[in-house]
Amino acid sequence: GFDMLERSGQWLRRAILVTMIIVAASRTAAAQDYPIDVLRTWGLENNKGWVAFDRGDLNTAELRFNGAIKVLQGFETTDQRLLSRSYFDLALVLEAQKRHAAAEPLAKWVLKVRERDPRTRDDTLFDSLYLLARIHRAQDQNAEAEALLRRALEIEERNTPADDPGPALTIMDIADLAARQKKYEEADALYRRA
C-alpha cells in the first residue's frame, strides 16, 4: 500500500544521484550565489545525512540535514534549489519519525518552490507531491492527500513506460484514500485499474 519507504532503495539511489548532480551543477549555475567552499560543505552535510538515513539513523540524518540548511542560510540568493533539496530531505526524516506537524510546513514550502521553478524535473516534483501526500494522510487529511497523489500520478504516467508497476502502486494509494473517505465505488474502480 501507501509506503514510500518500500520504494526507498530505488528512491534513495535517485536522491543521492540528484544531490551529486545538483552539487556538480551548482559549481557553475549557482556559483554566483554561493561560494564554492559553502557548496562543498553543503554537499558533505547533505550526503552524510543520506548515509545516516539509509542506515536508519534518523536522529543523525536530521542533524546533518539541519547542518546543510544552516550552511546555506544567510546567503542572499534567487536560486532556492539547494535549500529546497535540504528542506525536502529534512521533511522526509521528520515524516519517517512521525513528526508530521513539523514536516508539513517544510514539505509545503518545498513543493511551492519547485512548482515555481521551470527547471524542476518531473521526478523531483513527483517526490515532493508524494511526500506531502504521505504527511497529509498521516494527519487524516485524506482529500488533500488524494489531490496531491492524483497530480503525482499524472506526472508518473507521463514519464513511465506502460509496463512500469510504479503507477499501479500510486493508483492503489489513491484507491486506499478513496476508501478511507467512504467513496467505495471509486475505490473499487481504482483497485481494478491498478
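How many helices and how many strands are there in the protein chain? This predicted model has 9 helices and 0 strands in its protein chain. Read from the N terminus on, the elements therefore follow the order α-α-α-α-α-α-α-α-α.

**The chain as a whole**
- The protein chain has 194 residues, and buried residues make up 47% of them.
- Among contacts in the protein chain with a separation of 6 or more, 65% are between residues 24 or more positions apart.

- In soluble globular proteins, nonpolar side chains tend to be buried together.
- In this model, the largest nonpolar core holds 47 residues, and the members that touch the most other members are Leu72 and Leu129.
- Eight helices each supply at least two residues of this core: helix 2 (36-55), helix 3 (58-72), helix 4 (81-96), helix 5 (100-116), helix 6 (122-138), helix 7 (142-159), helix 8 (166-180) and helix 9 (184-193).
- Helix 4 gives the largest share of this core, with 9 residues.
- Leaving aside residues up to four places away in sequence, Leu72 touches Tyr34, Val38, Trp42, Leu82 and Leu83.

**Helix 2 against helix 3**
- Two packed helices are described by the angle between their axes and the distance between the axes.
- For helix 2 and helix 3, the angle is about 165° and the axes lie 7 Å apart.
- Angles over 145 degrees count as roughly antiparallel, so helix 2 and helix 3 are roughly antiparallel to each other.
- Their crossing, helix 2 with helix 3, is left-handed.
- On the helix 2 side, the residues that meet helix 3 include Val38, Trp42, Trp50 and Phe53.
- On the helix 3 side, the residues that meet helix 2 include Leu58, Phe65, Val71 and Leu72.
- Sorted by class, this contact of helix 2 with helix 3 has 11 nonpolar, 5 polar and 3 charged residues.

**Two loop residues with positive phi**
- Where is Asp140 placed? Asp140 sits in the loop between helix 6 and helix 7.
- Asp140 is not a glycine, yet its phi is positive, at about 60°.
- Asp140 counts as exposed because its relative accessibility is 54%, and the cut-off for exposed is over 50%.
- Lys182 is found in the loop between helix 8 and helix 9.
- The phi of Lys182 is also a positive value in a residue other than glycine, near 65°.
- Is Lys182 buried or exposed? With a relative accessible area of 60%, Lys182 is exposed.

Key: Residues are numbered from 1 along each chain as its sequence is written. This is a predicted model: local features need pLDDT of at least 70, side-chain atom pairs count only at pLDDT 80 or more; totals for chains, interfaces and linings use all residues. Side-chain values use heavy atoms; hydrogens and water are left out. A nonpolar core is a set of buried Ala, Val, Leu, Ile, Met, Phe, Trp, Tyr and Cys residues joined through side-chain atoms within 4.5 Å. Buried means under 20% relative accessible area, exposed over 50%, partly exposed in between (1.4 Å probe, protein chains only). Helices (H or I, at least four residues) and strands (E, at least two) are DSSP runs, numbered from the N terminus. Contact means heavy atoms within 4.5 Å. Axes are lines fitted to C-alpha atoms, for helices over the stretch in contact, and angles run from 0 to 180 degrees between N-to-C directions. Angles under 35 degrees count as roughly parallel, over 145 as roughly antiparallel, 65 to 115 as roughly perpendicular and the rest as oblique. A crossing is left-handed if the near helix is turned anticlockwise from the far one by less than a right angle, and right-handed if clockwise. Ala, Val, Leu, Ile, Met, Phe, Trp, Tyr, Cys and Pro count as nonpolar, Asp, Glu, Lys and Arg as charged, and the others, Gly among them, as polar.
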